[in-house]
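Student: I have just opened this one and could use a guide. Could we go through it together, one question at a time?

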Amino acid sequence: MLLVLQLLCIFFVALRSEAARGGSQEKVRALLDNGWKLVGPKHAYKLTLDEVNFSRGRQICQSWGGDIAVEGIRTSPNIRRKVGRHLYRGPEWIGLWVGITDTDVEGSFKWLDGKPALNSDLPWSPNEPSHSTGEDCIEIWGAERDFTLNDVSCNALRYGLCEKLVYDD
Ligand SMILES: *[C@@H]1O[C@H](CO)[C@@H](O)[C@H](O)[C@H]1NC(C)=O
Ligand SMILES: [Ca+2]
């Protein structure tokens, strides 16, 4: 009797996890069909179709159910490079908006979720940050510059790097 109960339990647990997996696979397929790319363990990425200013980029990413990239990029510099390789379009002076700004206090960079950007979060290009007047937003430059960072005016036109959490485990 006990054995039968145990077997039934195992059977139902297996069924449930199968259903959960099927559900998230459908979700992932829909994302991929919409041009999102899975990069790294948890997130999907997609660029805005046009070059836009930072706030417009955020609007577009949010309308797609994401935001300008923060969490996945913060996790590891290699994710930054992988995302760049998958999505960067060039030319080299047109980078990708990433979710770090120093709009509040000049020189004090923060992620969009309010966490301070550590030095290790800021692999600058040589001679950057230049802090020219109003360079409060950050772009990821292209392969030519090893996907390093540049501070630039938030009004500049760049591709928004949108990020969406896919696997929340
Ligand atoms: C950003 O661009 C949008 C439209 O492309 C424009 O309406 C808006 O004023 C711009 N924002 C800033 C802060 O320049
Ligand atoms: Ca700069």
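Student: In which loop is the place of Phe147?
Tutor: Keep in mind that this is a predicted model. Phe147 has a positive phi, near 55 degrees, though it is a residue other than glycine. Its place is in the loop between strand 6 and strand 7 (149–152).

Student: Is Phe147 buried or exposed?
Tutor: A residue counts as buried if 20 or more other C-beta atoms lie within 10 Å of its own. Phe147 has 22 such atoms within 10 Å, so the answer is buried.

Student: And Asn127, is that one buried or exposed?
Tutor: Asn127 also has a positive phi, about 70 degrees, without being a glycine. It lies in the loop between strand 5 and strand 6. The cut-off for exposed is 12 or fewer C-beta neighbours. Asn127 has 7 inside 10 Å, so it counts as exposed.

Student: Why are the buried residues of helix 4 on the same side?
Tutor: Helix 4 spans residues 77–87, and its buried residues are Ile79, Arg80, Val83 and Gly84. They are on the same side because, around the axis, they cover an arc of only 135 degrees. An α-helix has 3.6 residues a turn, so residues three or four places apart point the same way. The value to remember for helix 4 is that arc of only 135 degrees.

Student: Which exposed residues are on the face of helix 4 turned away from its buried side?
Tutor: The buried side is covered by elements that include strand 1 (37–39), strand 2 (43–52), helix 3 (71–75), strand 6 (137–140) and strand 8 (158–165). Now turn to the opposite face: the exposed residues there are Asn78, Arg85 and His86.

Student: How many bridges join strand 1 to strand 2?
Tutor: These strands form a hairpin with three residues between them, where Gly40 takes a positive phi near 80 degrees. Leu38 has Ala44 of strand 2 as its bridge partner. The two strands run antiparallel, and the number of bridges is three.

Student: In strand 8, what is the bridge partner of Ala44?
Tutor: Strand 2 and strand 8 pair in the antiparallel sense, over seven bridges. Within strand 8, the partner of Ala44 is Lys164.

Student: Which residues does Gly57 touch, leaving aside those up to four places away in sequence?
Tutor: Gly57 lies in helix 2 (residues 54–63). It is buried, because 27 other C-beta atoms lie within 10 Å. The residues it touches are Thr48, Val52, Ile68, Trp97 and Gly160.

Student: Which residues are around ligand 1?
Tutor: By kind, the shell divides into one nonpolar, three polar and one charged. By name, the residues are Val52, Asn53, Ser55, Arg56 and Asn155.

Student: Last one: how many helices and strands does the protein chain have?
Tutor: Reading from the N terminus, the elements run α-β-β-α-β-α-α-β-β-β-β-β. That comes to four helices and eight strands.

Note on methods: Residues numbered from 1 in each chain as written. Chains lettered and ligands numbered in written order. Predicted model: local features only at pLDDT ≥ 70, side-chain atom pairs only at ≥ 80, totals over all residues. Near = placed C-beta within 6 Å. Nonpolar A, V, L, I, M, F, W, Y, C, P; charged D, E, K, R; others polar. Arc of directions from axis to C-beta. Contact = placed C-beta atoms within 7 Å. Pairing = 2+ DSSP bridges.
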